[in-house]
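Subject: Structure handover

Hi,

Here is the structure for you to open. My notes on it follow below.

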Amino acid sequence: MSERWKFVGHHAHFVSFAVVGWVDVFTRAVYAEFLLKNLAYCRKSKGLVLYEFVIMPSHVHLIAAAANANLGEIMRDFKTYTSKELVKLIAANEQESRKEWMLRLFKEHGAANPLNTHNQFWQQSNKPILLDTPKKFDDCVRYVRENPLVAGLVTDETAYTWSSANPQIGVELDEA
């Protein structure tokens, strides 16, 4: 793996990961809320330091670090757990009109990946970018907060439901 995509120490990183096939899973509130709950759990119990986040329809951006652990390990555990549970949530959701298609896609991606035995929900990479200067950090904060705006999902970054820019989100963040 390239040095470009490695976590470095306890420093802040911009982390980005997507659903396989860029499936718009997080258009459903139940799945986005599950992800938020697990970010909060990782923050409270695993040492995740969370500065900013946005849950887009098919991908997630975080600005995060690790307090007492390795951010790569936290992200691995987060993605492993949430992938299994999100597939279960989708399979059990009687109102999910795209259920069969999504489950087939997750199964096909899992079968094509020798690291998986069943389904694959998340793409492999986290694409971590070390934020080792205040400018890099500030640029990434702006990118995360403006992502829903640039995507045309809202006209005000604070109006996007699944973002740390939303003052009503109720997810505790850490200060830089």
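How many positive and negative side chains does the protein have, and how far apart do the centres of the two sets lie? There are 20 positive and 20 negative side chains, and the two centres lie 6 Å apart. Lys and Arg count as positive here, Asp and Glu as negative; His and the chain ends are left out. Each charge is placed at NZ of Lys, CZ of Arg, CG of Asp or CD of Glu.

Before the details, the ground rules. This is a predicted model: local features need pLDDT of at least 70, side-chain atom pairs count only at pLDDT 80 or more, and totals for chains, interfaces and linings use all residues. Residues are numbered from 1 along each chain as its sequence is written, and side-chain values use heavy atoms, with hydrogens and water left out.

Overall build

The protein has four helices and four strands. From the N terminus, their order is β-α-β-β-α-α-β-α. Helices (H or I, at least four residues) and strands (E, at least two) are DSSP runs, numbered from the N terminus.

The radius of gyration is 16 Å, which agrees with the value near 16 Å for a compact globule of 176 residues. That radius is taken over C-alpha atoms, and the globule rule is 2.2 Å times the number of residues to the power 0.38. Along the principal axes, the C-alpha atoms fill a box of roughly 45 × 40 × 30 Å.

Of the 176 residues, 46% are buried. Buried means under 20% relative accessible area, exposed means over 50%, and partly exposed is in between (1.4 Å probe, protein chains only). The accessible surface comes to about 9600 Å², and carbon and sulfur atoms account for 52% of that. Areas come from the Shrake-Rupley method with a 1.4 Å probe; for residues, only the protein chains shown count as cover.

Now the contacts (heavy atoms within 4.5 Å). Among those between residues at least 6 apart in sequence, 69% join residues at least 24 apart.

Salt bridges

The whole structure holds twelve salt bridges. The criterion is a side-chain nitrogen of Lys or Arg within 4 Å of a carboxyl oxygen of Asp or Glu.

One of them pairs Glu 172 with Arg 43, at 3.6 Å from N to O. Glu 172 lies in the segment after helix H4 (134-150) and Arg 43 in helix H1 (residues 29-45), so the pair ties together parts that are 129 residues apart in sequence. Glu 172 is exposed, at 56% relative accessibility.

Another joins Asp 139 and Arg 142, with the closest N and O atoms 2.6 Å apart. Both sit in helix H4, three residues apart, so about one helical turn separates them. Asp 139 is partly exposed at 28%, and Arg 142 is partly exposed at 43%.

Lys 136 bridges to Asp 132, with 2.9 Å between the closest N and O atoms. Lys 136 is partly exposed at 38%. Asp 132 is partly exposed at 47%.

There is also a network: salt bridges link Arg 28, Glu 96 and Arg 98.

A loop residue

Is Asn 93 buried or exposed? Asn 93 is buried, with a relative accessible area of 16%. Its place is the loop between helix H2 (71-92) and helix H3 (99-112). Leaving out residues up to four places away in sequence, Asn 93 touches Val 30, Tyr 31 and Lys 99. Asn 93 and Val 30 are 63 residues apart along the chain, and their C-alpha atoms are separated by 9.5 Å.

Best wishes
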